[in-house]
Amino acid sequence: MQPILAILTCVILNSIAQILLKFGMRNFGKSLSITVIPSLISNMYVIFGAILYGMSFILWLYVLSKVKVSYAYPFISLSYVLVAVLGTFMLGEKLTISAWLGICFVVIGVTLIGVSMGG
């Protein structure tokens, strides 16, 4: 697998995991205590979110073995972009104009790093 493809796969896995965890936590409200741990570990959204994080971690180890961390790590900020977009469409969350502007800056920054540093 090409390193850039592996990096982007990590971003996607992390982002989907975050959305799944959010879905899984919807039933727990604002108060979270140790008594809900059994419910958390049996919640399918939480389980699948954790599995995706684990898969992403393994793939990230591969990435780190292939490219410089100073090249790969900035791409992780694309997770912020993807989670914001997924949150908007899947969770009904609203993004302001300034948030969209920030997302554009993140994408521009990652693009500049990718182009200037190469893999």
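1. In which helix is Val85 found? In this predicted model, Val85 belongs to helix 5, which covers residues 78–90. The residue has a relative accessibility of 22% and therefore counts as partly exposed, since the buried class requires a value under 20%. Its C-alpha atom lies 9.4 Å from that of Ile103, a residue 18 positions away in sequence.

2. As to the overall architecture, the chain contains six helices and zero strands. Read from the N terminus, the order of elements is α-α-α-α-α-α. The C-alpha trace spans about 50 × 35 × 20 Å along its principal axes.

3. Of the 119 residues in the chain, 34% are buried.

4. The largest nonpolar core comprises 14 residues. Those with the most contacts inside this core are Ile7, Trp60, Val63, Val67, Ala72 and Phe75. At least two core residues come from each of helix 1 (3–25), helix 3 (44–66) and helix 4 (69–72). Helix 1 gives the most, with four residues.

5. Ala72 deserves a separate remark. When residues up to four places away in sequence are not counted, Ala72 touches Ile7, Trp60, Val63 and Val67.

6. How do helix 1 and helix 3 pack, and how far apart are their axes? The angle between the two helices is about 160 degrees, and their axes are 8 Å apart. Angles over 145 degrees count as roughly antiparallel, and helix 1 and helix 3 are therefore roughly antiparallel to each other. The crossing of these two helices is left-handed.

7. Three aromatic pairs are present in the structure. In one of them, the ring centres of Trp60 and Tyr73 are 6.4 Å apart and the ring planes stand at 70 degrees, so the pair is edge-to-face. Trp60 lies in helix 3, whereas Tyr73 lies in the loop between helix 4 and helix 5; the pair therefore ties together parts that are 13 residues apart in sequence.

8. Are the two members of this pair buried or exposed? Trp60 has a relative accessibility of 14% and so counts as buried. Tyr73, at 53% relative accessibility, counts as exposed.

How values were computed: Residues numbered from 1 in each chain as written. Predicted model: local features only at pLDDT ≥ 70, side-chain atom pairs only at ≥ 80, totals over all residues. Heavy atoms only, no water. Core = buried A, V, L, I, M, F, W, Y, C linked by side-chain atoms within 4.5 Å. Buried < 20%, exposed > 50% of the residue type's maximum accessible area, 1.4 Å probe, protein only. Contact = heavy atoms within 4.5 Å. Phe/Tyr/Trp six-rings, centres within 6.5 Å; stacked < 30°, edge-to-face > 60°. Axes fitted to C-alpha atoms, helices over the stretch in contact; angles between N-to-C directions. Parallel < 35°, antiparallel > 145°, perpendicular 65-115°, else oblique. Left-handed = near helix turned anticlockwise from the far one by under 90°.
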